[in-house]
Amino acid sequence: MSDLLLFGPQRFQSTIGDALNAMEVEGPCAVITAGWQEREMEMDELVAGIDREVINLRLHHRAEEFFEADTIFRDAHRGHQQRMRQLQEIYRIRLSHTLACVHQLTGNLDNWPEDVVLAEIEDALAMVRELDRHHLGHMRNLQEAFLEEWQPYARPALKEHHLELTDTLYRCPAVLIAGGHVAVLLNRLRLLGLEGPIREKTVLASSAGAMVLGEQVVLFHDSPPQGPGYAEVFEAGLGLFDDLVPLPHARNRLLLDNPTRVSIFARRFEAASCLTLDDGARVDRVDGRWHPRQNIHRLKSDGTVEELA
Amino acid sequence: MTLAIRALEQRKDLNEAVIDEFIENYDFPIVEDNAITFVFRGKVEEVRLQHWVYGLESAPELTRLGETDLWYLILDLPAKSRIEYKFDIVTNGKHEWVHDPFNPQVAHDPFGFNSVVHTPGYVTPDWTFFEAETRPGSIEDYQISSKVFGGERAISVYLPARFRATRRYPLLIVHDGMDYVRYAALHTVLDNLIHRLELSHMIVVFTQAVDRLEEYAADERHAEFIVEEVLPWVEKRYPIQPNPAQRGLMGASFGAVASLAAAWRYPGVFGRLMLQSGSFAFTDIGANPRGPAFEPVVRFMNAFRDKPGRPTNKIYMSCGIYESLIYENRSLLPMLQQTGMQVKYVEARDGHNWENWRDRLREGLSWLFPGPLWMVYE
C-alpha cells in the first residue's frame with residue numbers, strides 16, 4: 001500500500017480526491033491548507049468529490065491565535081525567523097558566485113579542451129553541493145535549537161491545540177497537505193508538533209505540500225524578474241524521503257528545454273531524482289519505492305527531460 | 001545582402017504592376033537585419049518620417065523611386081530598437097501627418113496612435129497580454145473632494161484578485177494612472193505579475209491630473225494633495241500597510257517629476273519610487289532651453305540637485321535611449337546613488353512613449369514590490 005502520494009497543482013486538474021476515494025482504509029481525512037494562509041478554510045474546490053469526512057486542522061489559524069496569546073514566544077519566533085532569513089541571504093550571495101562559476105564554465109565548453117574543463121566543472125559543482133550541505137545543516141541546527149529551547153507545543157497557549165490535533169490525527173488514517181506558501185506551511189507543521197504524527201499516516205500532498213515532506217526544501221525558478229534564477233536549498237523538510245526533489249509547476253518555473261540548466265540542476269542534486277509535478281502529475285511511494293503514475297518527468301544529468309509516466 | 005528596395009530600384013521594368021507586386025510581397029516597413037526600409041505610396045509632393053528618435057536627423061525626407069509613386073527611406077537602427085513614427089505628407093503644399101497605411105502595428109497614446117516598428121531582438125513581453133489562467137483584479141472608481149485644488153478629483157483603485165479586507169497590502173499611487181491602464185496595459189500587467197507571484201498582492205491607486213503640465217511640474221499643491229488628501233483617503237477605506245517601505249509613487253515624464261517632488265517634499269512617507277522617462281530638466285548655467293512649461297520643473301530640479309536629501313529608500317528609474325531626456329536621466333543617476341538610496345536604472349532602445357513604459361513595468365515593479373515567487377507553490 002502507498003504511504004506517500006505526491007501530486008501536481010490541483011487548481012485545473014483536481015486529482016487528489018480520486019486517489020483518496022480509491023484508498024481502502026476507512027476513516028476521516030485530515031486536511032492541511034496552512035500554506036494558503038488566510039484562505040485556509042476555503043477548501044471547497046480541493047475537497048469536492050471526496051466521499052469521506054474531511055477535517056481541516058486549521059494550522060494557520062491556530063498558530064495566529066497562539067501568537068496573539070503568547071507574545072513572548074511570538075517575539076522570540078520573529079527573532080528566530082529573522083535570523084533564518086539572514087542566513088538565507090548570506091547563502092544566496094555565496095551561492096550566486098559558486099553556481100555562476102558552474103554556469104559560466106558549462107556555457108563555454110568550446111573555450112577549453114574537454115579533458116581539461118570537465119573535471120573542473122565537476123569540482124566546481126562539488127563545491128556547490130558542499131555549500132548546499134553546509135547551509136542545510138546550519139538551518140537545521142538553528143531550527144532544532146530553537147524548538148528545543150522554546151518547546152512551543154508544551155507552552156500553555158499551544159498545548160491544547162497540540163493535544164487536540166494529535167487526537168484528531170489519531171482518528172485519521174490519511175492526511176492531505178495542499179500547496180501554497182512553503183515556509184508558512186513548514187513552519188506551522190513544526191510549530192504544532194505534527195512532524196511525528198504525520199509519519200504514521202498515509203500522506204497525500206500537492207505542490208508545496210510535497211516539497212515540505214522531503215529531507216530538504218529546494219526553492220526554484222529559472223527565469224525570475226530579478227537575479228540569475230539559481231535554485232536554493234531552503235530549510236530541512238520533514239524528512240519523509242531523501243531520494244526525490246519535487247518540482248511543482250516545473251513547466252512554468254524551469255527552462256526544461258535548456259539542456260545546460262537541466263543538467264546542472266540534476267547533477268547538483270544527483271543524490272535524488274528531480275521529478276516534475278505539473279498539472280495532473282502523481283507519483284506514489286510503495287514499500288519504499290517510487291512509482292510514477294501520471295505526467296511525471298525526470299531531469300537528467302545529460303540535460304534531457306525523461307518522461308516516466 | 002541586397003536590400004529589397006535596392007533590388008527593386010535596379011529593375012529596368014519599373015511600372016505600376018511591379019510596384020503592386022512589391023507591395024504585395026512584403027510586410028512594411030521592411031526590416032532586414034538592422035536596416036529598416038520605410039515605404040509610402042501616393043501621389044504627393046513630399047514625404048518625411050516623423051520618428052521621435054533623439055540623435056537622428058529630424059524628419060528625414062523619403063526618396064521617390066524613379067518616376068513612380070513609391071517613396072522610401074532606409075534607417076539603420078541597432079538591434080532591440082523599437083520606434084514609433086508617422087509620415088508627414090505634403091499635398092498641394094499642405095502638410096498632413098498620417099500613420100503608415102501598410103503597417104498594422106500601432107501604439108495608442110492620449111493623442112491618437114502611431115505606427116510602430118522594431119528591429120530584431122525586440123519582443124513584446126508576454127506578460128503584457130491577457131492570460132486566461134490569471135485571476136483578474138478589479139478597479140473601483142471614485143470622486144474625492146480636494147481642498148487643495150478645490151472641487152472633485154477622479155481616482156480609481158485597483159484591488160488584486162482574492163482581495164481580503166482582513167489583510168494589509170502595499171500601496172502604489174500612479175500618476176496618469178488611467179493612461180497607464182489604457183496605453184500601457186497596467187491592469188493586465190498587474191493581474192499577470194501578481195498571478196505569476198512576481199509582484200506582491202497590492203492596492204494601486206490611479207490618479208489623473210486636471211492640468212498635468214501645471215500640477216505635475218513640482219507644484220507644491222500636488223504633493224500636498226497626494227500626501228494629505230489621497231493617502232489618508234485610501235488608508236481610511238482600504239487595509240494598507242503602515243510601513244513606508246510598502247508605499248510607492250510612480251509616474252512617467254512629468255508624472256515622474258510629480259512623484260519625485262512629492263517624495264522630496266514629504267521625505268520618509270513613500271519608500272519606493274518608480275520614475276519613467278522623468279522630465280528632470282535642470283540648468284547648470286544659462287536659461288532653460290525647453291520652454292516655459294519646464295520653468296517650474298527646472299526650479300525644482302535645481303533645488304533638488306542642490307539638496308537631494310534622502311526622500312525615499314528605493315528608486316527604479318528607466319529611460320529610452322532615443323529620448324532627449326536621456327541626458328537628464330543619466331546625469332541624475334550618480335547623484336541619487338550618492339545619497340545612499342538604492343537606485344536601479346535601466347535604459348531601452350525606445351522613445352518617450354507608453355509602450356516603452358509598459359515594457360519596463362515587470363522589472364521595476366517586481367524590484368520595488370517583490371512577490372512571493374520563490375516561496376509559493378500552489
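Biologist: How do strands S2 and S4 of chain A pair, in the parallel or the antiparallel sense?

Modeller: Strands of a sheet pair through backbone hydrogen bonds, and this can be parallel or antiparallel. In this predicted model, S2(A) and S4(A) pair in the parallel sense, over four bridges. One residue to look at is A:Ile32, whose bridge partner in S4(A) is A:Ile177.

Biologist: What does S2(A) do with S3(A)?

Modeller: S2(A) pairs with S3(A) in the parallel sense too, over three bridges. There, A:Val31 stands opposite A:Asn56 in S3(A).

Biologist: Which way do the side chains of strand S2 of chain A point, and are they buried or exposed?

Modeller: In a regular strand, side chains alternate between the two faces of the sheet. In strand S2 (residues 29-32) of chain A, A:Cys29 and A:Val31 point one way, while A:Ala30 and A:Ile32 point the other way. All of these residues are buried.

Biologist: What is the order of strands in the open sheet of chain A?

Modeller: Seven strands make up this open sheet, in the order S3-S2-S4-S6-S1-S11-S12, and the pairing is mixed. Strand S3 (54-56) and strand S12 (289-294) of chain A each have a single partner strand, so they stand at the edges with one side lacking a neighbour in the sheet. From one strand to the next, the twist averages 20°. Further along the order, strand S4 (residues 174-177) and strand S6 (residues 202-206) of chain A pair in the parallel sense over four bridges, with A:Ala174 opposite A:Thr202 in S6(A).

Biologist: How does the sheet of four strands in chain B read?

Modeller: That open sheet has the order S1-S2-S5-S4 with antiparallel pairing. Its edge strands are strand S1 (30-32) and strand S4 (63-64) of chain B, each pairing on one side only. S1(B) and strand S2 (residues 35-41) of chain B pair over three bridges, and B:Ile30 stands opposite B:Thr37 in S2(B). Helix H2 (residues 16-25) of chain B lies across S1, S2 and strand S5 (70-76) of that chain, running at about 130° to S2(B).

Biologist: At what angle do helices H3 and H4 of chain A pack?

Modeller: Helix H3 (residues 59-69) and helix H4 (residues 71-107) of chain A pack at about 110°, with their axes 5 Å apart. The two helices are therefore roughly perpendicular to each other. In the contact, A:Phe66, A:Phe67, A:Glu68 and A:Ala69 of H3(A) meet A:Thr71, A:Phe73, A:Arg74 and A:His77 of H4(A). By class, this contact has four nonpolar, two polar and two charged residues.

Biologist: How many residues of helix H11 of chain B are buried?

Modeller: Seven of the eight residues of helix H11 (residues 361-368) of chain B are buried, so the helix is largely enclosed by the rest of the structure. Among them are B:Arg362, B:Ser366 and B:Trp367.

Biologist: Is B:Arg247 buried or exposed?

Modeller: B:Arg247 has 9% relative accessibility, and residues under 20% are classed as buried, so B:Arg247 counts as buried. B:Arg247 is found in strand S14 (residues 247-252) of chain B. Leaving aside neighbours within four places in sequence, its contacts include B:Glu235, B:Phe270 and B:Phe369.

Biologist: Where does B:Glu61 lie?

Modeller: B:Glu61 lies in the loop between strand S3 (46-50) and S4 of chain B. At 39% relative accessibility, B:Glu61 counts as partly exposed. Neighbours within four places aside, B:Glu61 is in contact with B:Glu46, B:Val47, B:Arg48 and B:Leu73.

Biologist: What does A:Ala19 touch?

Modeller: Not counting residues up to four places away in sequence, A:Ala19 touches A:Leu5, A:Phe7, A:Leu204 and A:Arg282. A:Ala19 is found in helix H1 (residues 16-21) of chain A and, at 4% relative accessibility, counts as buried.

Biologist: How many disulfides does a search of the whole structure find?

Modeller: The search finds zero disulfides over all chains. A:Cys172 is in no disulfide, and the nearest cysteine sulfur, that of A:Cys29, is 6.9 Å away. A:Cys172 is buried, with a relative accessible area of 1%, whereas A:Cys101 counts as partly exposed at 33% relative accessibility.

Notes. Residues are numbered from 1 along each chain as its sequence is written. Chains are lettered from A and ligands numbered from 1 in the order in which they are written. This is a predicted model: local features need pLDDT of at least 70, side-chain atom pairs count only at pLDDT 80 or more; totals for chains, interfaces and linings use all residues. Side-chain values use heavy atoms; hydrogens and water are left out. Two strands pair if DSSP finds at least two bridges between them. Axes are lines fitted to C-alpha atoms, for helices over the stretch in contact, and angles run from 0 to 180 degrees between N-to-C directions. Angles under 35 degrees count as roughly parallel, over 145 as roughly antiparallel, 65 to 115 as roughly perpendicular and the rest as oblique. Contact means heavy atoms within 4.5 Å. Ala, Val, Leu, Ile, Met, Phe, Trp, Tyr, Cys and Pro count as nonpolar, Asp, Glu, Lys and Arg as charged, and the others, Gly among them, as polar. Buried means under 20% relative accessible area, exposed over 50%, partly exposed in between (1.4 Å probe, protein chains only). A disulfide is a pair of cysteine sulfur atoms within 2.5 Å.
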